[in-house]
Amino acid sequence: MQFQQLQYFVAVAETRHFTRAADLVHVAQPSLSQQIKALERELGADLFLRARGNITLTDAGEALLPLARRILADADTARHEVQELAQLRSGRVRLGATPSVCTGLLPDVLRAFHDRYPGIRLLIEEGGSHDLVRELARGALDLALVVLPLPTPAPALTTVELLREDLVVVSSPDAPKPGQGRRTVRVSDLEGERLVMFRHGYDLRELTVAACRAEGFEPDFAVEGGEMDAVLGFVRAGLGVAVVPRMVAARSGRGLRVTPLARPGLHRVIALAHRSDVAPPRAARELQRMLLER
């Protein structure tokens, strides 16, 4: 009994027509008929009652049909499982993340993922949450690390909170300490400070400006428009202070003074997002698992 014969048998049983079954499995009708006859000889029983324009299953055919369907389904599952495993030896994962997450959270996780699955290419796209949501929606990314709440409602996305991270104030060690030298800084203490500010569309820019306005003042920008690395460089140069994630500040090395924000402080929520209507590829799901278990 051959696997292909079972495929042909099920096709005839479902269409009740040899020619339509042959079209369904992309084989010539005579070849299909020959394989069905060979299967009947192997089993020692007729599977179909053949009358002009009327194909019906015999008792033997009725008994074989659920078993054949189960065998074909199991074979399809086996093929799928093997392909899933193969995807962990080669392939790619397209991950989007905000620049600050790329600097703070991702390096350790991506190193662990690469060590475990060296054959998988990691394609990283940096951008603001709004841009990443749009790229997810059009299928250009498998996963994205975004800041909640999302800038626009995204009902087609599934999000899982990954971490809640405090924000801190960074300044140059050569500049006066913000907040008149206190160990912690209130948001209101940023009034009168020159801020190094991120470009428009950057989640941290919107969060910081909103916090200042909630305290009743407009922030004063010494320089604005940069990405994370540029902002940290301008702060080191003494151009002003900046509000950044604690994880980024911890990874930024020497040349920065880090001052916590007094309670309740400021924080941001990082979430892992993917499309709700399409399951991420196997390799992307493995990266997702490692991010959630980090």
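Okay, let's start with helix α1, residues 3-15. It has 13 residues, and at 1.5 Å a residue they should span 18 Å; the end C-alpha atoms are 19 Å apart, which agrees. Keep in mind that this is a predicted model.

Which residues of α1 are buried? They are Gln5, Leu6, Tyr8, Phe9, Val10, Ala11, Val12 and Ala13.

Arg69 sits in helix α4, residues 59-87, so to speak across the chain: the two partners are 55 residues apart and the pair links distant parts. Glu14 counts as partly exposed because its relative accessibility is 48%, and Arg69 is partly exposed too, at 39%.

Now, the inside. In general, nonpolar side chains in soluble globular proteins tend to be buried together. Here the largest nonpolar core has 30 residues, and the ones with the most contacts inside it are Val170, Leu190, Phe198, Met228 and Val244. Which elements give two or more residues to this core? That would be β6 (157-171), β7 (194-198), α8 (203-214), α9 (228-236), β9 (242-245) and α10 (246-251).

Setting aside neighbours within four places in sequence, Val244 is in contact with Asp166, Leu167, Val168, Val170, Phe198, Met228, Leu232 and Ala249. There is also a second, separate core of 25 residues, and Cys102, Leu143, Ile270 and Ala283 are among its members.

Let's go back to β6 and ask about its partners. With strand β11, residues 267-275, β6 pairs in the antiparallel sense over nine bridges. Asp166, for example, has His267 in β11 as its bridge partner. β6 also runs antiparallel to β9, and four bridges join them; there, Val170 stands opposite Ala242. Then there's strand β10, residues 257-260, again antiparallel to β6, over four bridges. In that pairing Val169 stands opposite Thr259.

Last topic, charges. Side chains of opposite charge can pair when their charged atoms come close. How many salt bridges does the structure hold? The count is 20.

Take Arg251 and Asp108: their side chains meet at 2.7 Å, N to O. Arg251 lies in helix α10 and Asp108 in helix α6, residues 106-116, so this pair ties together parts that are 143 residues apart in sequence. Arg251 is partly exposed, with a relative accessible area of 38%, and Asp108 is partly exposed with 38% as well.

Another one to look at is Arg194 with Asp220, a salt bridge at 3.0 Å, N to O. This pair links strand β7, where Arg194 sits, to strand β8 (residues 220-226), where Asp220 sits, and they are 26 residues apart. Arg194 counts as partly exposed at 40% relative accessibility, and Asp220 is partly exposed at 35%.

And one group to finish on: Arg116, Arg282, Glu286, Arg289 and Glu293 are linked in a network of salt bridges. That's my tour, thanks.

Definitions and conventions. Residues numbered from 1 in each chain as written. Predicted model: local features only at pLDDT ≥ 70, side-chain atom pairs only at ≥ 80, totals over all residues. Heavy atoms only, no water. Expected span 1.5 Å × (residues − 1). Buried < 20%, exposed > 50% of the residue type's maximum accessible area, 1.4 Å probe, protein only. Core = buried A, V, L, I, M, F, W, Y, C linked by side-chain atoms within 4.5 Å. Contact = heavy atoms within 4.5 Å. Pairing = 2+ DSSP bridges. Salt bridge = Lys/Arg side-chain N within 4 Å of Asp/Glu carboxyl O.
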